[in-house]
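Dear colleague,

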Amino acid sequence: MYLSYTRLLAACTVLVFSMSFAQATFAADILIGDAKSQPESLTMAPGGVLIVGSASSPFVYKVRPGSSTAEKFIDVSSEPAGTFFFGMLADASSNTLWTCQLTPVPNTTPAQRHTALRSFDLTTGAPKIRWNLPGDNNVCNDFTIGPDKALYITDTIPGRIFRLPAGASTAELYLKDRTLFGVDGITFLNGTLYVNNVFFNKLYRIPVDAAGKPGTPVDIWMDQPVKGPDGMRAANGKLIVAENGSGKISALTVNGDKASVTVIKDGLNTPTGVEPVGDTIWIAERGAGKALSVPMPK
């Protein structure tokens, strides 16, 4: 996920909180780490494990069902100073946790960072794939799994989408376009790929021709402003979006090249990630240092 260009310098952590699926259907409010933590992205893993990004240290933690004690699950403190994580996605079919790992480049003005797509075993935390995004400055941000089982990855700066075929260890450039500078959330809805732009408050549909080649992103007109669209997932035929600039979680109903916006939750302090699970939407509230849940609208 992505808040702003300058705030990318904040160090992040990945914390894992666990509860049963039945418990997840009730509203909850979980403080992540400490008062300075900044949850960034979250995903639900098998067994009800909620994975949440924050800004304290370069670890992944796990809280077992019924426990209130966080166990260290993944430790990347051996990476260069300031390393942190953005997007996270649990893929139950391959027992994989996908992550975006970012490391600031020392003594660069303006600040730059090197980022890598990383995956870990959801059971043991053992590392699997590491693929460094090309270029001297990039921002691996978020991802989604497509109908073709490939992983689609957003690169906020300079503005690209990569595709990692199922079973591959190296991603390929899928699409680069000027409208993608600031690309953040990404998801498939009814087989169609959608992305948002956190810099310019936009939503785009990615058209694909008969040969499977993507074309110029199509601007989706929204019937009310969406400010700072960040994490985005699909559920119940809608796009669920975290608006980090307005403190809202919204549902977007897409009809062709238009979308109607319905606010699900407002008054949040910089929400950056969403994860629909059954009849619940989990939210990473970065500014408040916590994860919380709200009921899925009918």
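Predicted model: local features only at pLDDT ≥ 70, side-chain atom pairs only at ≥ 80, totals over all residues.

Residues are numbered from 1 along each chain as its sequence is written, and side-chain values use heavy atoms, with hydrogens and water left out.

Strands here are DSSP runs (E, at least two residues) numbered from the N terminus, and two of them pair if DSSP finds at least two bridges between them. Four strands make an open, antiparallel sheet in the order E11-E12-E13-E14, with E11 (140-145) and E14 (172-176) as the edge strands, each pairing on one side only. Within this sheet, E12 (residues 151-155) and E13 (residues 160-164) are joined by five bridges, and Tyr152 has Arg163 in E13 as its bridge partner.

A second open sheet has five strands with mixed pairing, in the order E19-E23-E22-E21-E20. Strands E19 (221-222) and E20 (229-235) each have a single partner strand, so one side of each is left without a neighbour in the sheet. E20 runs antiparallel to E21 (residues 238-243) over five bridges, and Ala234 is partnered there by Leu239 of E21.

The structure also holds one cavity of 30 Å³ or more, where a cavity is a set of points on a 1 Å grid over the protein atoms alone at which a 1.4 Å probe fits but cannot get out. Its lining residues, which have an atom within 4 Å of a point, include Met222, Pro229 and Met232.

Best regards

Definitions and conventions:
1 Å grid on protein atoms, 1.4 Å probe; cavity = no way out; pocket = protein on both sides within 12 Å on 5 of 7 lines; lining within 4 Å. Points joined across faces, edges and corners; volume = space filled by probe spheres on them.
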